[in-house]
Amino acid sequence: MILTTGGAGYIGSHTVVELLNANFEVLIVDDLSNSKKEVIDRIEQITGKRPIFQQIDLKDKQKTFELFQKYKNIEAIIHFAASKAVGESVENPLKYYENNIGSLLNVMLAMKEFGVANFVFSSSCTVYGQPEKLPVTEQTEKKPAESPYGNTKMISEDILKDYAVANKNFKAIALRYFNPIGAHPSGLIGELPNGVPTNLVPYVTQTACGLRSKLSIFGNDYNTPDGSCIRDYINVVDLAEAHVVAIKRLLECKNKSNFEFFNIGTGEGVSVLEIVNTFEKVNKQKLNYEIVSRRAGDIEKIWAETSYANTELGWKAKKSLNETLISAWNWEQNYRAIQK
Ligand code: NAD
Ligand code: WQD
């Protein structure tokens with residue numbers, strides 16, 4: 001059985017679908033602080049299988065231990081559970097340290113107590129900051145975090161690294177996600193931003209459906225071909241598949257060291273204006289947008305070197321940007337229709 005913490009969330013739910021499709025038994029633990037219980041039904045609708053669901057706050061050490069006591073056949077864990085809003089983390093850093101570090105520690109302490117060895121962690125390209133050289137490889141130097149949220153990812157990776165040195169039985173893989181976007185092609189699960197989205201693609205889809213009046217593009221005076229920022233946008237289903245591969249690698253003992261980390265991106269840099277133009281073209285939508293000043297703290301450009309993940313994990317992003325932006329729009333429309 002694979003325990004997915006935060007498995008009702010955006011990336012977690014897509015990963016649970018891929019795990020069930022690969023015939024793993026799945027236990028989801030989520031406190032529903034940033035997700036909805038209906039997601040479990042949708043996962044069942046897509047896969048024909050129902051994952052086990054437990055609503056638990058992983059900040060609660062006792063409840064976390066009781067969970068491991070109850071489910072003795074947990075072979076591996078994918079730890080998605082975390083708070084992820086960069087701006088909120090600046091305003092309320094203790095919430096982020098308490099949840100992102102506290103939950104990680106509780107899960108790891110329970111793993112130690114109950115002898116569970118395999119761990120996959122949701123890390124982020126945020127650990128690279130603005131790199132001097134592009135694309136970034138796994139060897140690219142990490143930069144001091146720009147936000148408490150980013151710092152929780154740095155600290156979490158350090159915790160995994162130190163624990164892997166001290167405990168030879170423990171095996172961990174950190175997947176450094178670039179920018180996950182899009183939704184399941186069924187349109188049944190996708191990203192559910194809380195309130196006004198801060199990420200680009202949910203803002204685009206909410207503008208297209210009329211929920212937001214205008215998209216602001218944060219700066220067109222960057223040192224990039226069209227002046228807008230560049231990111232590596234990875235389809236969430238491709239990203240989900242990387243987790244299945246990582247889990248198999250650990251279970252089949254194919255890992256090369258106790259703590260490994262991989263860049264999970266497409267290897268392609270795409271600008272904000274390219275996202276907007278592609279979205280308009282493939283979905284035949286006209287977006288109302290304006291160029292405004294830069295957003296504080298934004299990285300100018302970043303994209304991944306993915307050859308290590310491609311060769312070592314045997315994983316590669318497959319889905320095109322067109323397909324991904326179609327899926328994002330399909331999800332937004334379906335979701336709004338269900339809400340009515
Ligand atoms: P999400 O908010 O959709 O999913 C996280 C899930 O964890 C939610 O369902 C939430 O209810 C749950 N959760 C949070 N705290 C919990 C707790 N204490 N106990 C139990 N459940 C808890 O976010 P996501 O986009 O799916 O991100 C998943 C992971 O990937 C996070 O660790 C995030 O930091 C990381 N990540 C996300 C992105 C991104 O852009 N979405 C990029 C890089 C890394
Ligand atoms: C993408 C681009 C914006 C909104 C954040 C976190 C990072 C990681 C992924 C977890 C940027 C521009 C955006 C808008 C815009 N999460 N933009 N108008 O900033 O790369 O990363 O999410 O680990 O830690 O910081 O993603 O989607 O916010 O922005 O012009 O309304 O879109 O300036 O260039 P970002 P994003």
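**Close-up views of a predicted model**

View 1. Ser-228 is situated in the loop that joins β8 to β9 (230–231). Helices (H or I, at least four residues) and strands (E, at least two) are DSSP runs, numbered from the N terminus. The model is predicted, so that local features need pLDDT of at least 70 and side-chain atom pairs count only at pLDDT 80 or more, whereas totals for chains, interfaces and linings use all residues. Residues are numbered from 1 along each chain as its sequence is written, chains are lettered from A and ligands numbered from 1 in the order in which they are written, and side-chain values use heavy atoms, with hydrogens and water left out. Ser-228 has a relative accessible area of 0% and is therefore buried (under 20% relative accessible area; exposed is over 50% and partly exposed in between, with a 1.4 Å probe and protein chains only). A polar atom of the Ser-228 side chain lies 3.3 Å from the backbone nitrogen of Val-272, and the side chain of Ser-228 also reaches the backbone nitrogen of Leu-273, at 3.2 Å. Such polar contacts are pairs of N or O atoms within 3.5 Å; within protein, one must be able to donate a hydrogen and the other to accept it, and residues adjacent in sequence count only if both atoms are side-chain atoms.

**View 2. The shell around ligand 1.** Ligand 1 has 28 residues around it, of which Asp-30, Asn-34, Ser-35, Asn-99 and Tyr-149 come nearest (a residue is near a molecule if one of its heavy atoms lies within 4 Å of it). An N or O atom in the side chain of Tyr-149 is 2.6 Å from an oxygen atom of ligand 1. For Lys-84, a polar side-chain atom lies 2.8 Å from an oxygen atom of the ligand, while for Gly-9 a polar backbone atom is 3.3 Å from an oxygen atom of ligand 1. The protein buries 95% of the 820 Å² that ligand 1 exposes when taken alone (accessible areas come from the Shrake-Rupley method with a 1.4 Å probe; for residues, only the protein chains shown count as cover). At least two residues of this shell come from each of α1 (10–21), α5 (93–114), β5 (118–124) and α6 (148–166), and β5 gives the most, three residues. By class, the shell holds twelve nonpolar, ten polar and six charged residues. In this division, Ala, Val, Leu, Ile, Met, Phe, Trp, Tyr, Cys and Pro count as nonpolar, Asp, Glu, Lys and Arg as charged, and the others, Gly among them, as polar.

**View 3. The shell around ligand 2.** Ligand 2 is surrounded by 19 residues, with Ser-124, Tyr-149, Ser-216, Arg-231 and Asp-298 the closest. An oxygen atom of ligand 2 lies 2.4 Å from a polar side-chain atom of Arg-231. A polar side-chain atom of Asn-179 is 2.9 Å from an oxygen atom of the ligand, and a backbone N or O atom of Thr-198 is 3.3 Å from an oxygen atom of ligand 2. On its own, ligand 2 has 690 Å² of accessible area, and the protein covers 86% of that. Both α7 and β8 (215–218) supply at least two residues of the shell, with β8 giving the most, four residues. The shell around ligand 2 comprises ten nonpolar, six polar and three charged residues.

View 4. The structure holds one cavity of 30 Å³ or more. On a 1 Å grid over the protein atoms alone, a cavity is a set of points where a 1.4 Å probe fits but cannot get out, and a pocket is an open set with protein on both sides within 12 Å along at least five of seven lines; lining residues have an atom within 4 Å of a point. Grid points are joined across faces, edges and corners, and a volume is the space filled by probe spheres set on the points. The largest cavity contains about 30 Å³ of space. Its lining consists of His-79, Ala-81, Ala-82, Asn-100, Phe-121, Thr-152, Lys-153 and Ser-156. Helix α6 provides the largest share of this lining, three residues.

**View 5. The second largest pocket.** The second largest pocket has a volume of about 310 Å³. It is lined by 22 residues, and Glu-191, Leu-192, Pro-193, Gln-206 and Arg-336 are the closest to its centre. Two or more lining residues come from each of α7 (200–208) and α11 (321–339), and α11 has the largest share, five residues.
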